[in-house]
Amino acid sequence: MQSNKKGALAFIFVTLLIDVMGWGLIIPVMADLIIQLKGVKANEASTYGSYLIAVFAVMQFIFAPLVGNLSDRYGRRPVLLLSLLGFGIDYVILALAPTFSWLFVGRVIAGITGASFTTASAYIADVSPDETTRAKNFGMIGAAFGLGFVLGPALGAGLASFGLRAPFWAAAGLCLLNCLYGYFILPESLSKENRRPFEWKRANPLGSLNFLKQHPEIMGLTVAFFLIYLGAQAVQSNWNFFTQYRFGWTEGMIGISLTVVGVLVGAVQGGLTRVVVPKFGNEKSIYVGLGLYALGMVLFGFATESWMMFAFLVPYCLGGICGPSLQSVIAGHVQANQQGELQGALTSLMSLTTIAGPLIMNNSFAFFTSPRAPFQFPGVHFILGAICMVLSIILIYRVFNKEKKNPDVRHVLEDTQAAAEMPVH
């Protein structure tokens, strides 16, 4: 059984790796594609880029709860395969898009089927026996993200020499290959006895958020989760536009920077997290990680040279130790047959941040680099992101402190702290 679980985790890691590589391939060229199709400058293109991110997130917000509930009913495997197929179709459309409007069509399709990380999170929860193991296994998502960003952007920047559309074709091929891989190799993780009937009232966005309301013990943590991902959009949605405008970076330089991000994230999630979380426990890991996130963003905001962006990636990426711990704490509050619903609800929250975040961060950047701004400050969005991280620290501290004082409140801190003292095999 233990061998099967390890094999399943290896399968899901490879699946996520290829998925992230497809995404990483297109990021270095997306800004230039928008600039080409719209005929605008980089800071103006940032606004159009936020629209593409937002429409994807709107679709994901609507459909993620449906996907999560379907995975609780029919299993993780078929849902994951359909998701990968949808992403492959999206990249084909982006590769062929003659106008900016066609980019929206592709993003709509990807948003509807974009459940790979949601289902993968539920998959990991299925095969993880305890809180500490779950936190370490959730770190695999970040590790796949990191390694995918090592390979994807570097390959994308290289393929850009063959034209702006070449990376999209490569991404489509990887996603479709990933789908085939999963069809023949990926086993099902959710046993039939842990499945539950599908209910439409639980499979809509509001129903998904109602699921969180039904678990008041995690409400504060999920609000913090929302703030963290909202703040992260300062980096994720605007990195290529900001660096191209502020420092004149090319596709190649953007690809190199994202490769560095991938190396750092992979090292943190694949290595450091597995050492820090068992030693420090979830609570300390969350605080330290969020503090490093905030520090990194403030430094980004005031960077004046290209090399500074690379140096400041170190504290920012080290902040990644907080994610698996927070996700593990939240997941530990719900039953096995609700993990898909929980992850669908969390994905809905992430989608809300991906709707609001780029519109806030990218448009703040565009405004404070325009003649209309009262003063010029290209890094304003990074400061907004840092504020979100600080607010999440305050909120999480209040939640944990309340749980410690009230023994009747179910929480996982004490169990995790105890498990962290046990030797890791």
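**View 1. Helices α12 and α14 cross at roughly 135° in this predicted model.** Helix α12 covers residues 282-301 and helix α14 residues 322-331. Helices (H or I, at least four residues) are DSSP runs, numbered from the N terminus. The two axes come within 8 Å. Axes are lines fitted to C-alpha atoms, for helices over the stretch in contact, and angles run from 0 to 180 degrees between N-to-C directions. α12 and α14 are therefore oblique; that class takes what is left after under 35 degrees (roughly parallel), over 145 (roughly antiparallel) and 65 to 115 (roughly perpendicular).

**View 2. Residues at the α12 and α14 contact.** From α12 come N282, S285, I286, G289, L290 and Y293. They meet C322, S325, L326, S328 and V329 of α14. Contact means heavy atoms within 4.5 Å.

**View 3. D90 sits in helix α3 (residues 76-96).** D90 counts as buried because its relative accessibility is 0%. Buried means under 20% relative accessible area, with a 1.4 Å probe and protein chains only. Beyond its neighbours within four places in sequence, D90 contacts G106, R107 and A110.

View 4. Buried residues of α7 include F168, A171, L174, C175 and N178.

**Notes.** Residues are numbered from 1 along each chain as its sequence is written, and side-chain values use heavy atoms, without hydrogens and water. In this predicted model, local features need pLDDT of at least 70 and side-chain atom pairs count only at pLDDT 80 or more, while totals for chains, interfaces and linings use all residues.

Note on methods
Helix = DSSP H or I, 4+ residues; strand = E, 2+ residues; numbered from the N terminus. Buried < 20%, exposed > 50% of the residue type's maximum accessible area, 1.4 Å probe, protein only.
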